[in-house]
Amino acid sequence: MTSNSVQQSTDPEGAEPPSTRTVVVGIDGSEPSRIALEWAADAAAARGAGLRILHAVSMPLVAVPFGRPIRIPPTPEVAERASALLADAVEQTHKTHPGLAVETEVSAKEPGPALLAASRSAELVVVGPRGLSGAGALLLGSVAVRVSAHAECPVVVVRGAAPQTKPGRIVVGVDGSPHSTAALRFALAEAARNGAVLVAVHAYQQPVPVGPGMLAASGYTLDDSALVARTTEYVSSLIDEARTAQAADVDAQVEVVEDHAAHALLHAGSKAALLVVGSRGRGGFRGLLLGSVSQAVLHHAEVPVAVVRP
């Protein structure tokens with residue numbers, strides 16, 4: 001495969017995607033997906049990886065006697081529209097990244113299952129917040145939520161304007177859980193690739209007494225300065241443990257704030273180049289693939305958000 005080739009294929013139900021080092025991006029012709037494509041091309045170039053542009057045409061399933069349902073193949077009209085959409089995406093990508101290896105894929109599946117299948121061999125999956133089918137009242141499309149929750153690689157949901165030209169800051173939430181450790185490693189690697197500053201945010205909330213007569217004020221008031229100092233030291237140690245040789249020189253800062261975790265991350269990451277969260281933190285139930293903090297950040301952030309699973 002060369003950087004000038006346009007590979008189109010229709011994946012059968014349950015088929016494994018080719019195992020290559022790629023960044024996968026889903027597009028549907030909408031403006032959010034165009035911005036996601038730009039972000040994904042930048043990410044692939046920074047990684048030295050290829051870019052796979054995926055378009056799902058959502059062909060219906062039909063019942064087969066004594067067998068599993070199968071999808072109707074794309075009609076010539078659908079295939080022609082998909083081919084034109086992908087060809088335009090490849091052309092736009094090569095204008096900004098002429099040396100980038102690009103392949104395309106037409107999937108008969110719905111966007112969510114198609115991207116989840118692609119995540120099995122991808123280094124990163126990139127999606128827009130919602131596409132042509134997204135209702136204006138929804139804060140985040142169902143495809144972005146589903147892929148973020150179930151993908152087998154990190155997922156970036158690109159919100160806001162076109163990618164920043166300056167490295168800026170990469171903000172990551174840290175609470176010491178395995179999910180936040182994975183997010184921290186991902187954030188360090190991204191900061192190293194892009195020459196960005198890493199900001200590790202840890203939020204805490206003081207315990208509330210059962211009743212006003214249970215404890216005197218002096219009995220339950222925390223020493224904020226000592227708490228912040230100890231927590232800053234702890235988070236700094238987590239950063240040092242997560243550093244690799246590649247990220248040895250990343251400028252890392254620690255912010256410890258008394259706030260709800262989601263609000264603290266949204267505030268710290270409001271102008272960030274990327275906001276990174278674990279799929280769930282210390283309060284997450286094992287059965288939940290996305291915790292309350294990661295869901296809140298996904299729904300309300302105005303910058304690209306990466307969701308990372310251990």
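This is a conversation about a predicted model, in which a guide sets computed values against definitions.

Visitor: What should I know about the model and its numbering before we start?

Guide: The model is predicted, with local features needing pLDDT of at least 70 and side-chain atom pairs counting only at pLDDT 80 or more, while totals for chains, interfaces and linings use all residues. Residues are numbered from 1 along each chain as its sequence is written, and side-chain values use heavy atoms, with hydrogens and water left out.

Visitor: How many helices and strands does the protein have, and what makes a run count as one?

Guide: There are 9 helices and 13 strands; helices are DSSP runs of H or I with at least four residues, strands are runs of E with at least two, and both are numbered from the N terminus.

Visitor: Why is the pair E31 and R34 called a salt bridge?

Guide: The term requires a side-chain nitrogen of Lys or Arg within 4 Å of a carboxyl oxygen of Asp or Glu, and the closest N and O atoms of E31 and R34 are 2.5 Å apart, so the pair meets the rule. The two residues are 3 apart in helix 1 (residues 31-47), which means about one helical turn separates them. By the same rule the count comes to 11 salt bridges, and R21, R47, E123, E190 and R193 are linked in a network of them.

Visitor: Why are E31 and R34 called partly exposed?

Guide: Buried means under 20% relative accessible area and exposed means over 50%, with partly exposed in between, using a 1.4 Å probe and protein chains only. E31 has 43% and R34 has 36%, so both fall in the partly exposed range.

Visitor: What does the salt bridge between E103 and R52 tie together?

Guide: The closest N and O atoms of E103 and R52 are 3.8 Å apart. E103 lies in strand 6 (residues 102-107) and R52 in strand 3 (residues 50-56), so the pair ties together parts that are 51 residues apart in sequence. Both E103 and R52 are buried.

Visitor: How do you know that R169 and E255 link distant parts of the chain?

Guide: Their side chains meet in a salt bridge at 3.9 Å, N to O, and the residues are 86 apart, with R169 in strand 9 (residues 169-173) and E255 in strand 11 (residues 252-258). R169, at 28% relative accessibility, counts as partly exposed, as does E255 at 29%.

Visitor: Which side chain of opposite charge is nearest to the buried R159?

Guide: That side chain is E302, 7.7 Å away, and R159 has no salt bridge; in this count Lys and Arg are positive and Asp and Glu negative, while His and the chain ends are not counted. R159 lies in the loop between strand 8 and strand 9, where its side chain reaches the backbone oxygen of A301 at 3.3 Å and has a polar atom 2.6 Å from the backbone oxygen of L298.

Visitor: Which residues of helix 4 are buried, and what do they pack against?

Guide: In helix 4 (residues 142-150), A144, V147, S148 and A149 are buried. The buried residues of this helix pack against elements including helix 3 (111-119), strand 7 (124-127) and helix 9 (292-300). For the protein as a whole, 44% of the 310 residues count as buried.

Terms used
Contact = heavy atoms within 4.5 Å. Polar contact = N/O pair within 3.5 Å; in protein donor to acceptor, adjacent residues only side chain to side chain.
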